[in-house]
Amino acid sequence: MDIQFTPEDLAFQKDVRAFLADNLTDEIRGGYVGGHVDPGVMIRWQKILNKQGWAAPNWPESYGGTGWSITQKYIFENECAEAGAPAVVPFGLKMVAPVIYSFGSDEQKQRFLPDILDSNVWWCQGYSEPGAGSDLASLQTKAVLDGDHYVVNGQKIWTTYAQHADWIFCLVRTSSEGKHQQGISFLLIDMKTPGVEVRKIDSIDNQHTLNEVFFDNVKVPVENLIGEENKGWTYAKVLLTHERTAIAGVASSKKALHKLKEFAANERVGSGSLADDPLFNAKLAKIEIDLMALEYTELRAIASVSAGAAPGPESSILKIRGTEIQQQVSELAVEAGGHYSHVMNDGEAVGNDVAWTSSAKYLYGRAATIYGGSNEVQKNIIAKMVLGL
Ligand SMILES: Cc1cc2nc3c(=O)[nH]c(=O)nc-3n(C[C@H](O)[C@H](O)[C@H](O)COP(=O)(O)OP(=O)(O)OC[C@H]3O[C@@H](n4cnc5c(N)ncnc54)[C@H](O)[C@@H]3O)c2cc1C
């Protein structure tokens, strides 16, 4: 995309590049375990960003946001991806924080937001249950008010990184009256509370990122309820739009595509290189065009959020196209790597530079069209909320 930067934007870009050159060490850049960013590295990187005041570009300035323009956010995200910066921990910064600063009490804001900014506390997301994924509103984990606390019983599933989490934000059923959506509340639960148990699920890439979380008579103080009882569905939906916007990952797909091009240029095929293969180039060009179109769509979404709106149902469009493109890039990377893609299965042994070709990353990437709400369900949302069908 050809964006015209003003002299101020160019100066900002220079500052970002200088910051990255000074702070993004090879150790942080290469901090991968089995194709996933090492959680310890994510925390360290977020602390470095926070020290600079750059951890939360999308938060309101009053809570620690940067106050950057859309162009500055665009520059920052692209420079970070291009330099190979790791992701920050999304569950706090990009998921529960917008709910806390939008719907939480002043006490909750003061208690939780500073630790989220500095990544002192790891959060996880307790939405899905064995019988409630796409049909999330049918969730059954129950919270019963008993004096000054709730007693929580039930089970969550697919809880990413629950094994590292200090806190979980949970959707719980506080009423069975009326429509399913009406009896849901949004509770913050300390993972160290007696009765919380985490059980591991191995994923297809043979890594441990997923878990089940069980609640057996877990006592949660009422002050950990966000907003009003039985209004949690409203807050949950706001969180999901932020989550889906974040999942699109345009800047990181651009970086992955860039690496793929470099790899193809150096990969010998017969007397030339893979980059001379017209079939390979056609596939590459199609992905690049789709990615460029998505980037414009993302910029439009960022523009409306910067103007004060919460990301709306359009976030479903970003989620669908972003994850489809991520999968296409990883498919083409495996194709380009040929048999090396299998040799490179062990991401940590080869580091960030080539881990992108690993079959482990390809396999885990299949989940992208499922998590954050499956792409089929996003299409239903678009049909109803965007197209009005
Ligand atoms: C890697 C990974 C990480 C995850 N991390 C978390 C997490 O941290 N916290 C959390 O709470 N959840 C997490 N999830 C859960 C995720 O949100 C759910 O898997 C997702 O919402 C789908 O729900 P489900 O798995 O129950 O599938 P189901 O809802 O059973 O769906 C099965 C299939 O049916 C399709 N389908 C269902 N309903 C419809 C419909 N109405 N119209 C058309 N098609 C439909 C779906 O698209 C899907 O293909 C994670 C999932 C994965 C894979």
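I start with helix H6, residues 106-117: at 1.5 Å a residue its twelve residues should span 16 Å, and its end C-alpha atoms are 16 Å apart, which agrees. The expected span here is 1.5 Å times one less than the number of residues. Helices (H or I, at least four residues) and strands (E, at least two) are DSSP runs, numbered from the N terminus.

Before going on, the model is a predicted one: local features need pLDDT of at least 70, side-chain atom pairs count only at pLDDT 80 or more, and totals for chains, interfaces and linings use all residues. Residues are numbered from 1 along each chain as its sequence is written.

Which residues of H6 are buried? They are Phe112, Leu113, Ile116 and Leu117. Buried means that 20 or more other C-beta atoms, placed from the backbone, lie within 10 Å of the residue's own; exposed means 12 or fewer, and partly exposed is in between. Down the axis of H6, the buried residues fall within an arc of 125 degrees, so they line one face of the helix. That arc is taken from the directions from the helix axis to the C-beta atoms. An α-helix has 3.6 residues a turn, so residues three or four places apart point the same way.

The face of H6 turned away from the buried side carries the exposed residues Glu107 and Gln110. Helix H3 (39-52) and helix H5 (90-103) are among what covers the buried residues; contact means C-beta atoms, placed from the backbone, within 7 Å. Just after H6, Ser119 takes a positive phi of about 55 degrees.

Next, the ligand. It is surrounded by 19 residues, the closest being Tyr127, Gly133, Ser134, Ser374 and Glu376. Domain 2 (122-231) and domain 3 (248-386) both contribute residues to the shell, so the ligand lies between them. The domain bounds come from an automatic or database domain assignment.

Last, two asparagines. Most residues other than glycine have a negative phi. Asn206 has a positive phi of about 65 degrees and lies in the loop between strand E8 (196-201) and strand E9 (210-221). Asn230 has a positive phi of about 70 degrees, in the loop between strand E10 (225-226) and helix H7 (232-247). Asn206 counts as partly exposed, with 13 C-beta neighbours inside 10 Å; Asn230 is partly exposed too, with 17 other C-beta atoms within 10 Å.

Technical notes. Two residues are in contact if their C-beta atoms, placed from the backbone, lie within 7 Å. A residue is near a molecule or strand if its C-beta atom, placed from the backbone, lies within 6 Å of it.
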